Amino acid sequence: MRRSSNPVFTHLTPQTQPGTNSYGQSGWYQPGTVTTSGPVVVDRTDRMTVEDVVIKTVALLAVLGITGAAAWTLLPEKYTGIAMIGSLVIALVIGLIIGFKRVTSPPLIIAYAVFEGVAIGLISKFYEERFGGIVLQAAIATFAIFGVMALLYTSRAIRATPRLRKMIVGALIGAVVVMLVNWVLSFFGIYTGLRGDANGNGGMLAIGFSIVMIIIGAMTFVLDFDEVERGVAQGLPTRASWYCAFGILLGLVWVYLEVLRLLSYLRGRD
């Protein structure tokens with residue numbers, strides 16, 4: 001069995017070393033596992049399935065959608081700015097903790113969905129007030145992209161080869177760095193055109209950059225699908241499905257925001 005390059009999946013993969021349990025930790029009892037001096041027996045009822053990931057993903061999307069709608073409709077206008085920035089910062093911190101600490105805690109991942117939902121709801125409200133109907137268009141396009149990538153993956157038209165994985169991760173890191181630098185420059189009144197001008201109006205450069213970002217975001221789904229498939233094959237515990245769902249949620253949010261931005265550029269040129 002080929003081991004996952006994702007450290008989270010490597011960390012969660014059941015071990016079969018003598019004197020350890022199925023989590024690779026000596027003497028640490030977990031319901032459904034047996035600690036012996038021989039091969040470890042893993043309870044098949046505690047193994048992650050694709051259905052587990054689907055259910056968790058839908059649950060996180062529901063939490064994000066409900067909190068987003070609540071923030072959109074209930075938060076007074078004068079508090080939207082600070083609420084959006086605050087929720088983004090908190091979501092970022094929680095997301096980094098989940099990613100770097102390899103956390104599979106449902107409460108923490110749900111908390112991420114709550115704060116991310118507040119931010120997404122307020123951002124969506126801003127765009128909807130400028131371009132009526134744009135939020136629904138962006139949501140439909142996002143799920144359409146996700147569906148296409150799922151179809152391409154399941155049909156094996158796209159495979160998560162080591163080379164493709166490195167390319168996607170490299171492009172993702174590069175995109176984040178470019179966006180961060182561009183964001184910092186905007187504080188000094190310097191607008192590169194990658195994210196439009198000071199009023200948010202985008203030219204061909206901004207449109208092209210958003211298309212590239214959407215492509216990168218869509219390709220991350222291939223990595224997510226591959227990790228889920230390998231996690232199921234490796235017999236990861238059910239709790240790992242929360243981390244898988246978290247990864248898919250990140251990709252959906254990325255693509256949604258980029259599609260929202262792209263549509264605003266296109267409609268702003270009308």
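Which helix does Ala113 lie in? Ala113 lies in helix 4.

## Basis of the model

This is a predicted model, in which local features need pLDDT of at least 70 and side-chain atom pairs count only at pLDDT 80 or more, while totals for chains, interfaces and linings use all residues. Residues are numbered from 1 along each chain as its sequence is written, and side-chain values use heavy atoms, with hydrogens and water left out.

Helices are DSSP runs of H or I with at least four residues, numbered from the N terminus. Buried means under 20% relative accessible area, exposed means over 50%, and partly exposed is in between (1.4 Å probe, protein chains only).

Ala113 is buried because its relative accessible area is 0%. Leaving aside residues up to four places away in sequence, Ala113 touches Leu60, Val63, Leu64, Thr67 and Leu249; contact here means heavy atoms within 4.5 Å. Ala113 and Leu249 are 136 residues apart along the chain, and their C-alpha atoms are separated by 8.4 Å.

## Helix 5

Helix 5 covers residues 134-154, 21 residues in total, with its end C-alpha atoms 30 Å apart. This agrees with the 30 Å that the helix should span at 1.5 Å a residue, where the expected span is 1.5 Å times one less than the number of residues.

The buried residues of helix 5 are Ile134, Val135, Ala138, Thr142, Ile145, Met149 and Tyr153. They cover an arc of only 100 degrees around the axis, so they are on the same side of helix 5; the arc is that of the directions from the helix axis to the C-beta atoms. An α-helix has 3.6 residues a turn, so residues three or four places apart point the same way. The cover over the buried residues of helix 5 includes helix 2 (50-74), helix 4 (106-130), helix 7 and helix 8 (240-268).

## The exposed face and end of helix 5

Leu136, Ile140, Leu151 and Thr154 are exposed residues on the face of helix 5 turned away from its buried side. Thr154 counts as exposed because its relative accessible area is 59%. Between Thr154 and Asp226 there are 9.9 Å in space, C-alpha to C-alpha, and the two are 72 residues apart in sequence. Arg156 follows helix 5 and has a positive phi, near 65 degrees.

## Phe188

Phe188 is placed in the loop between helix 6 (162-186) and helix 7 (204-233). With 64% relative accessibility, Phe188 counts as exposed.

Note on methods:
Helices (H or I, at least four residues) and strands (E, at least two) are DSSP runs, numbered from the N terminus.
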